[in-house]
Amino acid sequence: MLTYTLQRLGLAVLICIIAMTVMFATVYLIPGDPATIALGPRATPAMKAALTARMGLDQPIVTQLGRFFGAALQGNLGYDVWSNRSVTRMVLEQLPFTLALTIAGLGWAVLLGVPLGCYSAIRRNSVIDRFTGVLSVAAIAMPSFVVAIYCLLLFAARLKWLPAAGAGEPGDVASQLRHLILPAFAIGLGWVGYLARLVRASMLEVIGENHVRTARAFGLPERWIVFRYALRLAVLPTVTLLGIAVGGLLSGAVFAEIVFNRPGIGRLVYDAANTRNYPVVMGTVLVTVMLFVLCTMIADLVVAWLDPRVRKSL
Amino acid sequence: MGALGLWLVLLIVFTGVFADLVAPYDPIAQDLKGRLADPSWQHWLGTDQLGRDTLSRVIKGTQIALGVAVSTTFVSMLLGLLLGLVAGYGPRWLDNSLMLLFDTVYSFPSIMLALAIVTVIGPSLGTVLLVIVIGTVPAYARLVRTSTLAVKEQEFIAAERAMGARPPRVLFRHILPNVIGPLLIIGSMDVPVVVTVEAGLSFLGLGVRAPAPSWGRILNEGYAFIRNSPWMVIAAGLPLAITTLGFTFLGEALRDAFDPKLRRRF
């Protein structure tokens, strides 16, 4: 288990390093220098020279790459081209909003999707199973930003049940929760479908396995078989999916933050992309990559730890 | 479900191909006096902020969505096929480096990858195509690699090589036919994903430039008027939903019919 953990950690670090290098390289590979990208075509040579000197763009590329990594290791992701604020601080200010949204979206998807999948597998071909089957495909296929816009239109603009914009008053938890409902619903909906389908499929597979048949032959109560023996194995692919879901939810959060005008790193990176403020974009994207890599790694380790077959082989 | 999917796809493809004949008005002709109109007999889905007929714009948008989907899926499948064959049949180090590269692409949440690329090279239709190709190639390449690894161990390949066939012949005459079926099925299932990405980027204002009526662009423009004139948003969201649903239903049915083994891929 320790060897596996270290290997998996090594892979995660390697991927982060490659991602950083690739992002660093793309800024330099493209025609035109980064100062022109950031300042736009109308910038005067003096402005460009000032930015170039300030950001160390006149150094050799290898030196710059070294400095970039050195700074990133110390938690410094560079500075905003316009306001010269620390990118790390900007991201840390916005991150809680996005994390709250992502966790809320994932939370309701798990709370609804997993039981639906279980029930569909146990009561196969029942009305609820068929209904879930069609609805989950539909939920997966619907783009989350369309769901978000329709929700905004129906529940906020027309019915006025829920607030349309912002993240709620600071310090007022009830208001913050009310502002969270619609965006969390929009980004989680597709994952309810994914989870229900996956749990159903893996439940059906596990129920056909030898150890479940043995448990049946011993006359154990059905409830016990389902929850102690079947669900424990069936939940493993779900854990892997949850790791991947974080990436999808972070993507969905970008749209949800823009549609519902919420603060968050999606909003931050979107505004920065529109002004071609590339240190902010690169820094923020890097943080999401690290978050995503961390979550998939944790998911893989949890699977290895939960699955006795994998655990013993390590 | 499969039949419903087929009908929806046929409807969308027909609309896309004959967009210029079906559309009642010119999708970029302005009528500033009749702007932001509600649906009426003249304009079934109302008009936008410049008085352009929303129905015509949505119909023209079908053409853009399908064009992007077909061209990027084709390029991605071709690239994925080549990279997958190389990874599966080539030397071990090349396989490992390619897989590491694909893992890296996967480690970007999709929209973040898109925003990073847009920041560097600027928003345009070409950027959208590039973003989609980069984002989808790894999945195809992995699939082809896995099939190639399985096929290359079989006896008929060993026999072929014993008779002196060179790698290109083995790859294209013998391995290719065995890996192309699943690739086509996965490709058809990727159409809704690609359509969504294009619409999403255009919605963010980072895709197709005005005045071209992409669904995402119409959503973007309609979003500003959502409180008083919701018809643009409703009109552009629906065909997007119909397209993704139709292609997903059809793809699922095709997959179950042709390749039950792929049923586990989600």
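A nonpolar core is a set of buried Ala, Val, Leu, Ile, Met, Phe, Trp, Tyr and Cys residues joined through C-beta atoms within 7 Å. Buried means that 20 or more other C-beta atoms lie within 10 Å of a residue's own; 12 or fewer makes it exposed, in between is partly exposed, and C-beta atoms are placed from the backbone. This is a predicted model, where local features need pLDDT of at least 70 and side-chain atom pairs count only at pLDDT 80 or more, while totals for chains, interfaces and linings use all residues. Residues are numbered from 1 along each chain as its sequence is written, and chains are lettered from A and ligands numbered from 1 in the order in which they are written.

Q: Which residues touch the most other members of the largest nonpolar core?
A: The core has 132 residues, and the ones touching the most other members are A:Ala148, A:Leu195, A:Val269, A:Val281, A:Val285, B:Leu115 and B:Ala116. Helix H10 (residues 222–259) of chain A gives the largest share, 17 residues. Apart from this core there's another one of 20 residues, including B:Leu143, B:Leu171, B:Leu183 and B:Ile185.

Q: What does B:Leu115 touch, not counting residues up to four places away in sequence?
A: B:Leu115 touches A:Val269, A:Tyr270, A:Ala273, A:Val281 and A:Val285. Touching, or being in contact, means that the C-beta atoms, placed from the backbone, lie within 7 Å.

Q: How many residues of chain B are in contact with chain A?
A: Chain B brings 39 residues, which meet 44 residues of chain A. On chain B's side, H4 (92–106), H5 (110–121), H8 (167–203), H9 (215–223) and H10 (231–258) supply at least two residues each. By class, chain B's side has 26 nonpolar, nine polar and four charged residues. Here nonpolar is Ala, Val, Leu, Ile, Met, Phe, Trp, Tyr, Cys and Pro, charged is Asp, Glu, Lys and Arg, and polar is the others, Gly among them.

Q: How many helices and strands does chain B have?
A: Chain B comes to 10 helices and zero strands. Helices (H or I, at least four residues) and strands (E, at least two) are DSSP runs, numbered from the N terminus. Buried residues make up 49% of the 266 residues in chain B.

Q: Why is H9(B) described as largely enclosed?
A: Eight of its nine residues count as buried, so the rest of the structure largely encloses H9(B). B:Trp215, B:Ile218 and B:Leu219 are among them. They pack against helix H7 (144–158) of chain A and against helix H3 (54–89), H8 and H10 of chain B.

Q: Why is A:Ile207 called partly exposed?
A: A:Ile207 has 19 other C-beta atoms within 10 Å, so it counts as partly exposed. A:Ile207 sits in helix H8 (residues 173–207) of chain A. Leaving aside neighbours within four places in sequence, its contacts are A:Ala121, A:Val212 and A:Ala230.

Q: Why are H4(B) and H6(B) called oblique?
A: H4(B) and helix H6 (residues 125–152) of chain B pack at about 135°, with axes 9 Å apart. Axes are lines fitted to C-alpha atoms, for helices over the stretch in contact, and angles run from 0 to 180 degrees between N-to-C directions. Under 35 degrees is roughly parallel, over 145 roughly antiparallel, 65 to 115 roughly perpendicular, and the rest oblique. The pair is therefore oblique. Among the residues making the contact are B:Phe102 of H4(B) and B:Ile134 of H6(B). By class, that contact has six nonpolar, no polar and one charged residues.

Notes. Contact = placed C-beta atoms within 7 Å.
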